[in-house]
Amino acid sequence: MQINNTILSQSDLNILEEAIVQFHKIVTFDELATLYVGETRDTIRRKVALLVKKGWLIRLKKGQYSIITSIGSLGFNDLSEYVIAQTFNKESYVSFENALQYHGLFDQMLTTVGSITSKYARAHKVQATNYTFSRIKGELYFGFTTETFGSYTAQVAEVEKALLDMLYIRHSAYNVNLVLEKLREYKHKINFAKLKRYAKRYGIGIVRTVGFLLDQVGEDTTDLL
């Protein structure tokens, strides 16, 4: 991938283009350092900090950056938010409204990307987007697929799993009503047999809630009794 540049020095341009060739658009400080042959760590830190200041590198977390490839995107991260979330925690999948949005069931603007993990993970913020991680029991860490975003992949919850995660982790009247709304509006996109099968893995509380909601939309709940 070639960088569309008008304000980079030739040496900086060469470094960033080589970084993309070797490491793709997400790169660590140590990976960048291997390209600054003969430079001291302090000098490399100053040069990397300058690239961040100019907007050609976006800091994702300590020691990790996203490379901007076009002056039109200067200072703004142009990687998928799903990919960034996966970068923060490899053992996670994007869920909740974000997964519903990916599958075409949610069209409102989101400023937070919510993910599920069976491990500990802290929250992050990249520019105006918050990245949060909710911890779940190992036996409930399922129901996601690996999706492709350019040259990267990220794990995204299936529709049915995202709905159940909302009921299980974000158990509030708002989320119950939101799930009910999605069940009514997108019946053609929801696999109700899978939803019920998955619900049984959560336990009696979720089974009862799902049974109640499915009753409201006229779906058979006999196999949940």
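**Close-up views of the predicted model**

**Figure 1. Serine 92 is buried, with a relative accessible area of 2%.** The model shown in this and the following views is predicted. Serine 92 belongs to strand S4, which comprises residues 92–94. When residues up to four places away in sequence are not counted, serine 92 touches Ala85, Gln86, Ser115, Ile116, Thr117, Phe133, Tyr141 and Gln155. A value of 2% counts as buried because the term covers relative accessible areas under 20%.

**Figure 2. Overview of the protein.** The secondary structure comes to nine helices and nine strands. Taken along the principal axes, the box filled by the C-alpha atoms is roughly 70 × 30 × 25 Å. Of the 225 residues in the protein, 50% are buried. Among contacts between residues at least 6 apart in sequence, 55% join residues that are at least 24 apart.

**Figure 3. Helix H6 packs against helix H7 with a left-handed crossing.** Helix H6 spans residues 159–169 and helix H7 spans residues 173–185. Two packed helices are described by the angle between their axes and the distance between the axes. For H6 and H7, the axes come within 9 Å and cross at roughly 160°. H6 and H7 are therefore roughly antiparallel to each other, since angles over 145 degrees are placed in that class. On the H6 side, the contact is formed by Leu163, Met166 and Leu167, which meet Asn175, Val176, Leu178, Val179, Lys182 and Leu183 of H7. By class, the residues of this contact divide into seven nonpolar, one polar and one charged.

**Figure 4. Helix H6 is largely enclosed by the rest of the structure, because nine of its eleven residues are buried.** The buried residues are Val159, Glu160, Lys161, Ala162, Leu163, Leu164, Asp165, Met166 and Leu167. Among them, Leu163, Met166 and Leu167 also take part in the contact with H7.

**Figure 5. The crossing of helices H7 and H9 is right-handed.** The axes of H7 and H9 come within 10 Å and cross at roughly 45°. The two helices are therefore oblique to each other. H7 contributes Val176, Val179, Leu180, Leu183 and Arg184 to the contact, and H9 contributes Leu213, Leu214 and Gln216. The contact of H7 with H9 has six nonpolar residues, one polar residue and one charged residue.

**Figure 6. Lysine 182 is a buried residue of helix H7.** Its relative accessibility is 5%, and lysine 182 therefore counts as buried. Lysine 182 is one of the H7 residues in the contact with H6. With neighbours within four places in sequence left aside, lysine 182 is in contact with Leu100, Leu105, Phe106, Leu163, Lys187 and Ile190. Phenylalanine 106 is 76 residues apart from lysine 182 in sequence, and the C-alpha atoms of these two residues are 8.5 Å apart in space.

**Figure 7. Tyrosine 82 and phenylalanine 149 form a stacked aromatic pair.** A pair of aromatic rings is described by the distance of the centres and the angle of the planes. By the rule applied to such pairs, the count comes to ten aromatic pairs. In the pair of tyrosine 82 and phenylalanine 149, the rings lie 5.2 Å apart, centre to centre, with 10° between the planes. This pair links distant parts of the chain, 67 residues apart: tyrosine 82 is in helix H4 (residues 81–88), and phenylalanine 149 is in strand S8 (residues 144–149). Both tyrosine 82 and phenylalanine 149 are buried.

**Figure 8. Phenylalanine 142 and tyrosine 202 form a tilted aromatic pair.** The ring centres are 6.4 Å apart and the planes stand at 55°, so the pair is classed as tilted. Phenylalanine 142 lies in the loop between strand S7 (129–135) and S8, and tyrosine 202 lies in the loop between helix H8 (192–199) and helix H9 (204–216), so the pair ties together parts that are 60 residues apart in sequence. Phenylalanine 142 has 9% relative accessibility and counts as buried. Tyrosine 202 is also buried, with a relative accessible area of 8%. Phe142 and Tyr202 form one aromatic cluster with Tyr168 and Tyr198.

**Figure 9. Arginine 208 is an exposed residue of helix H9.** The relative accessible area of arginine 208 is 61%. Arginine 208 and leucine 224 are 16 residues apart along the chain, and their C-alpha atoms are separated by 8.0 Å.

Note on methods: Residues are numbered from 1 along each chain as its sequence is written. This is a predicted model: local features need pLDDT of at least 70, side-chain atom pairs count only at pLDDT 80 or more; totals for chains, interfaces and linings use all residues. Side-chain values use heavy atoms; hydrogens and water are left out. Axes are lines fitted to C-alpha atoms, for helices over the stretch in contact, and angles run from 0 to 180 degrees between N-to-C directions. Helices (H or I, at least four residues) and strands (E, at least two) are DSSP runs, numbered from the N terminus. Angles under 35 degrees count as roughly parallel, over 145 as roughly antiparallel, 65 to 115 as roughly perpendicular and the rest as oblique. A crossing is left-handed if the near helix is turned anticlockwise from the far one by less than a right angle, and right-handed if clockwise. Contact means heavy atoms within 4.5 Å. Ala, Val, Leu, Ile, Met, Phe, Trp, Tyr, Cys and Pro count as nonpolar, Asp, Glu, Lys and Arg as charged, and the others, Gly among them, as polar. Rings of Phe, Tyr and Trp (its six-membered ring) pair if their centres lie within 6.5 Å; planes under 30 degrees apart count as stacked, over 60 as edge-to-face and the rest as tilted. Buried means under 20% relative accessible area, exposed over 50%, partly exposed in between (1.4 Å probe, protein chains only).
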